[in-house]
Amino acid sequence: MNFTFNTKLKGVLQLTDELHRNMVLQDDQTLFKFIIVEQGELWVEVDHVFMELKVNDLITISPLHEMRFLDVRGSYFSLVFNSNFYCIYGHDNEVSCNGFLFNSGASIMHLHLTDSQIADFRNIAKELKAESVINDPFQEEMLRLHLKRFIITATRLGKEKYDLDEHSEHTFNLIRHYFLLVDAHYKEKKQVKDYAELLHRSPKTLSHIFAAHNLPSPLQIIHERILTEAKRLLLYSSKPAKEIAYILGFDSPSVFSRFFKNTSKESISQFQKRMRAVEK
């Protein structure tokens, strides 16, 4: 089930069951990734958070997430693409996945599917594979249409998980836009009221909506986004904690240190020491 399609404008679409062997794809920070487990189990690490994936599990990984396969004891397939092939931002009205299936924080979409739902994704993957060998002027757009079907199917299932049906489309878009606003402004806006004003809602209303759909609280989403970026900078850059504090919009390194410890339940030095021990 492996194929790769590249466009003249550096667009990439790839279907593969060997993502765990391909470090170039894993390290490519332009790619959106779907991973679906068909048999057995997988163990992956996303931003140094360990995840066990079982049969019929689906996860989505955004370009900013650092991902590694730890162990593969079964079979899976991945569909990966970049914005040059299909821009989920520019086509948000078509697939409504931006800020929901894909966001840059710690809230990774993790779905457990039924056998028939897995079969739906497998059938789309087969159609993608079949289209990949048809060399005509319509090929690229047909592949894009199949990718859109894949994304829309995943979005629908994600909405079911959080009880966001067709009768709550307004609520669904409000939740997505909250995630997108946090992604865009977490460095300078750290209070729920800041985002409530942008969305023309009260903080209490936002809290009620998120609780009603079993989502993390609005404040927790802000804190998780800041903490996720803090950990990425501590792990994957050479910047000291003092500089990271100012990058993330904290008034002082001490305020950042308190936030990190209160949110992650360990100090910055304890986190770094633990991560160094894991990497050995």
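**Exercise 1. Find which residues arginine 176 contacts, leaving aside neighbours within four places in sequence.**

Solution. Arginine 176 is in contact with Asp92, Ser96, Cys97, Asn98, Gly99 and Phe100, once those neighbours are left aside. Contact means heavy atoms within 4.5 Å. This is a predicted model, in which local features need pLDDT of at least 70, side-chain atom pairs count only at pLDDT 80 or more, and totals for chains, interfaces and linings use all residues. Residues are numbered from 1 along each chain as its sequence is written, and side-chain values use heavy atoms, with hydrogens and water left out.

Arginine 176 sits in helix α5, residues 169–185. Helices are DSSP runs of H or I, at least four residues, numbered from the N terminus.

Then take its accessibility. Arginine 176 counts as buried because its relative accessibility is 2%. Buried means under 20% relative accessible area, with a 1.4 Å probe and protein chains only.

Last, its side chain. A polar contact of 3.1 Å links it to the side chain of asparagine 173. Such a contact is a pair of N or O atoms within 3.5 Å; within protein, one must be able to donate a hydrogen and the other to accept it, and residues adjacent in sequence count only if both atoms are side-chain atoms.

**Exercise 2. Check the span of α5 and list its buried residues.**

Solution. Helix α5 has 17 residues. Its first and last C-alpha atoms are 24 Å apart, close to the 24 Å expected at 1.5 Å a residue. The expected span is 1.5 Å times one less than the number of residues.

Now the buried set: Thr171, Phe172, Leu174, Ile175, Arg176, Tyr178, Phe179, Leu181 and Val182. The buried residues of α5 pack against α2 (92–95), α4, α6, α7 and α8 (218–236).

**Exercise 3. Describe how α5 and α6 cross.**

Solution. The axes of α5 and α6 (residues 192–199) come within 10 Å and cross at roughly 125 degrees. The contact involves Leu174, His177, Tyr178, Leu181, Val182 and His185 of α5, and Val192, Tyr195, Leu198 and Leu199 of α6.

**Exercise 4. Is leucine 206 buried or exposed?**

Solution. Leucine 206 lies in helix α7, residues 203–212. Leucine 206 counts as buried, because its relative accessibility is 0%.

Now its surroundings. Not counting residues up to four places away in sequence, leucine 206 touches Leu174, Tyr178, Val192, Ala196, Leu199, Arg201 and Pro218. Leucine 206 and tyrosine 178 are 28 residues apart in sequence, and their C-alpha atoms are 9.1 Å apart.

How values were computed: Helix = DSSP H or I, 4+ residues; strand = E, 2+ residues; numbered from the N terminus. Buried < 20%, exposed > 50% of the residue type's maximum accessible area, 1.4 Å probe, protein only. Axes fitted to C-alpha atoms, helices over the stretch in contact; angles between N-to-C directions.
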